[in-house]
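Subject: Structure handover

Hello,

Please find the structure below. My notes on what was found in it come after.

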Amino acid sequence: MELVLSLGIGVLAAAGVWLMLRPRSFQVALGLSLLSYAVNLFIFAMGRLTVGAPPVLGAGTGIGQDSVFVDDPVTQALVLTALVISFALTALFLVVLLAARGITGSDHVDGREPHPGQQSPGEPHPGRPQP
Amino acid sequence: MTPPMTPPALPPSVAWSDHLVVLPIVLPIAVAGAMFLLDDRRRRLKEALSLATLLALVGIALVLVGRTSAAPEVYRVGNWAAPYGIVLVADRLSAMMLALAGLLGLCALVFSFARWGRAGPRFHGLFLLLLMGVNGAFLTGDLFNLFVFFEVMLAASYGLVLHGSGETRIRAGLGYIAVNLVASLFFLIGVSLVYGTMGTLNMADLARRLAAPGAGELALFEVGCAILGLAFLIKCSAWPLGFWLPTTYAAASAPAAAILAILSKVGVYVVLRLSLLLFGAGLSAGFGQGAILVAGLATIAFGTVGILASRDLTRAAGYAVMISSGTVLAVLGTGSEAALAGALYYLVGSTLAAGALFLLAEILQRGRDPVEAAQPVFADEYRDPFDDADATEVGRAIPAGVAILGVGLLLCTLVLAGVPPLPGFVGKLAIFIGLTAGTVTAAGWCLIACLTLSSLFTLMPMVRLGILNLWVPNDDPPPVLRLSELTALSGLLAACAALALWGGPALAYADATMQWLKAPEAYIAAVLDGGAR
């Protein structure tokens, strides 16, 4: 499980970083959300990995009995908070992205095309929808 | 079955004044909540409500400055014991920063009454939410709550940067939001690493665990702290993490830019607080000091070059904010406590002056400022904010406005460039005296040289910009100064002057704050051992 989780975090973070360094603002938004998934998983991992353990102390579990079977509830609370915040702020980022696209007429992160008239082969022109 | 932990019963001796510590957070968020329910066209009511809130916040901050001079006030939310519950701690440093934020906020708000409050929807609510986040960040004693307050503050600041709309603001806002979202992710990684290695997020508890040998996995903990530091250094726009600041602050509307000046100081405050609390002594003493010194020196250098190259006043003000953050960071990096007391004094003076400069710049460059009315989203928004019929009644134009603006610009320049007799000079002098007491290290000489050169190279472009904006004839209509704008400006500049006039008590306060900060045992004991009140 450790391997799967660390691979997952690594792939998400790598994809997120790559997307975030791209020139189009929507790619940046996607990169930010992928990175925030990676970070949320990472916070989970910091509470140590357990399988099938409740995060709440009950009658059968608890300190003094068998504390191995209790999951750390603090990281789960942290993830919940971080999740809501990053979700809301990514939504806000999308709104600003759309406003920038509408006002500047370009979806480049700088708000203008780097070389007007000359267009890089990998990048579809933002103004024209692709068929 | 009973739950394992219950909050202890309230002792009968809880005085109402004990709840004063939580008010700087509760009051603005309550009023902001009410504000969002009100129709946006009821502007007078909103202005009155925000003004009353800000006045109350300044009052509370001043009372807290008085009450915390002997011992810190620890507020346990819900009366849960310290490492498990949420604590708010008001000590000398927090109270000082609260007062600074309140004063700057009050003046920026009064300034917005003239025009900017109407430039877009929901200005007052966002403004109060920003202050709630800033106050919370100053008061909290817990790393995760710090994250939450940072996010509240940032979310409100995104709205305020975009306030007034227009292409420049949206383009700057896009970059600002992206940079700060990444910084927040760094913050989360750092916080979770600290929790994973130390098992606590309470700052006092962390400091106590670091004092005992054999605590946690120290190397991983330091990695976590370095990542946390990265997030804070992005916030205080240290070189090379601060290229976003001048563009964003120059694009933001004037009252928003003035209140954003305190935002970068929140980053400085957190670096200061955590360095002195966690790395003053104990297992990882002196951690990160060299990096902070280099970052601070480079920030001063970058800000100075930037201010030399600025062609308008708002950009110059943005670089001035960077220089003031860099100065405090560099002094922290030298590890000289006497100099740090001077740096605290300098921080207050330079922040007030930078805020005043943002306000001044907007009045002087008003003819050139592109303001577009945004497309209304909700029915209650103004269609055309600056062409309102009642826009002319808001404040009477002050005669001899240009002369007053000239004096204001002169005073700002004196503070930012560190020329006597204003607090910029007193602060820098106190830093120099602190650095040269005893043997002077190479870092100390470097910093003295850097600060002296930065003074000279701040003075030159400020004089040039002053001549350009006040004396060179141009086609723009002469600037019109309204009563509320004059009140806001003179409030900030009078605070600067008061800081210089009562320099003795102010420096003594900064000195006592330093004495308190360099002995974190008292802080730790107050938070952890204070017991339920």
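The largest nonpolar core has 225 residues, and B:Leu104, B:Met153, B:Leu357 and B:Leu360 touch the most other members. A nonpolar core here is a set of buried Ala, Val, Leu, Ile, Met, Phe, Trp, Tyr and Cys residues joined through C-beta atoms within 7 Å. A residue is buried if 20 or more other C-beta atoms lie within 10 Å of its own, exposed if 12 or fewer, and partly exposed in between, with C-beta atoms placed from the backbone. Helix α13 (residues 337-364) of chain B gives the most to this core, namely 20 residues.

Before the rest, some notes on conventions. This is a predicted model, in which local features need pLDDT of at least 70 and side-chain atom pairs count only at pLDDT 80 or more, while totals for chains, interfaces and linings use all residues. Residues are numbered from 1 along each chain as its sequence is written, and chains are lettered from A and ligands numbered from 1 in the order in which they are written. Helices (H or I, at least four residues) and strands (E, at least two) are DSSP runs, numbered from the N terminus. Two residues are in contact if their C-beta atoms, placed from the backbone, lie within 7 Å.

Chain B overall

Chain B contains 19 helices and 2 strands. Its C-alpha atoms fill a box of roughly 70 × 60 × 40 Å along the principal axes. The radius of gyration of chain B is 23 Å, which agrees with a compact globule, because one of 533 residues would have a value near 24 Å. That radius is taken over C-alpha atoms, and the globule rule is 2.2 Å times the number of residues to the power 0.38. Of the 533 residues, 58% count as buried. Among contacts in chain B with a separation of 6 or more, 82% are between residues 24 or more positions apart.

B:Gly105 is found in helix α3 (residues 92-112) of chain B. B:Gly105 counts as buried because it has 27 C-beta neighbours inside 10 Å. Not counting residues up to four places away in sequence, B:Gly105 touches B:Leu54, B:Leu131 and B:Ile259.

B:Ala443 lies in helix α16 (residues 442-470) of chain B. With 20 other C-beta atoms within 10 Å, B:Ala443 is buried. Its contacts, apart from neighbours within four places in sequence, are B:Leu293 and B:Thr334. B:Ala443 and B:Gly335 are 108 residues apart in sequence, and their C-alpha atoms are 9.7 Å apart in space.

The two strands

Strands β1 (residues 73-76) and β2 (residues 87-90) of chain B run antiparallel and are joined by 4 bridges. Two strands pair if DSSP finds at least two bridges between them. B:Tyr75 has B:Leu88 as its bridge partner in β2(B). In a regular strand the side chains alternate between the two faces of the sheet. In β1(B), B:Glu73 and B:Tyr75 point one way, B:Val74 and B:Arg76 point the other way, and all are buried. In β2(B), B:Val87 and B:Val89 are on one side and B:Leu88 and B:Ala90 on the other, and all are buried.

Chain A

Chain A has 3 helices and 0 strands. Of its 131 residues, 27% count as buried. Residues 24 or more positions apart make up 52% of the contacts in chain A with a separation of 6 or more. The average pLDDT of chain A is 80, and 78% of the residues score at least 70; pLDDT is the predictor's confidence in each residue, from 0 to 100. Among the elements of chain A, helix α1 (residues 2-20) has the highest mean pLDDT (94) and helix α3 (residues 73-104) the lowest (89).

Where the chains meet

The contact takes 28 residues from chain A and 23 residues from chain B. On chain B, α5 (143-161) and α6 (167-198) each supply at least two residues of the side that touches chain A. Of these elements, α6(B) gives the most, with 15 residues. The chain B side divides into 17 nonpolar, 3 polar and 3 charged residues. Here Ala, Val, Leu, Ile, Met, Phe, Trp, Tyr, Cys and Pro count as nonpolar, Asp, Glu, Lys and Arg as charged, and the others, Gly among them, as polar.

Regards
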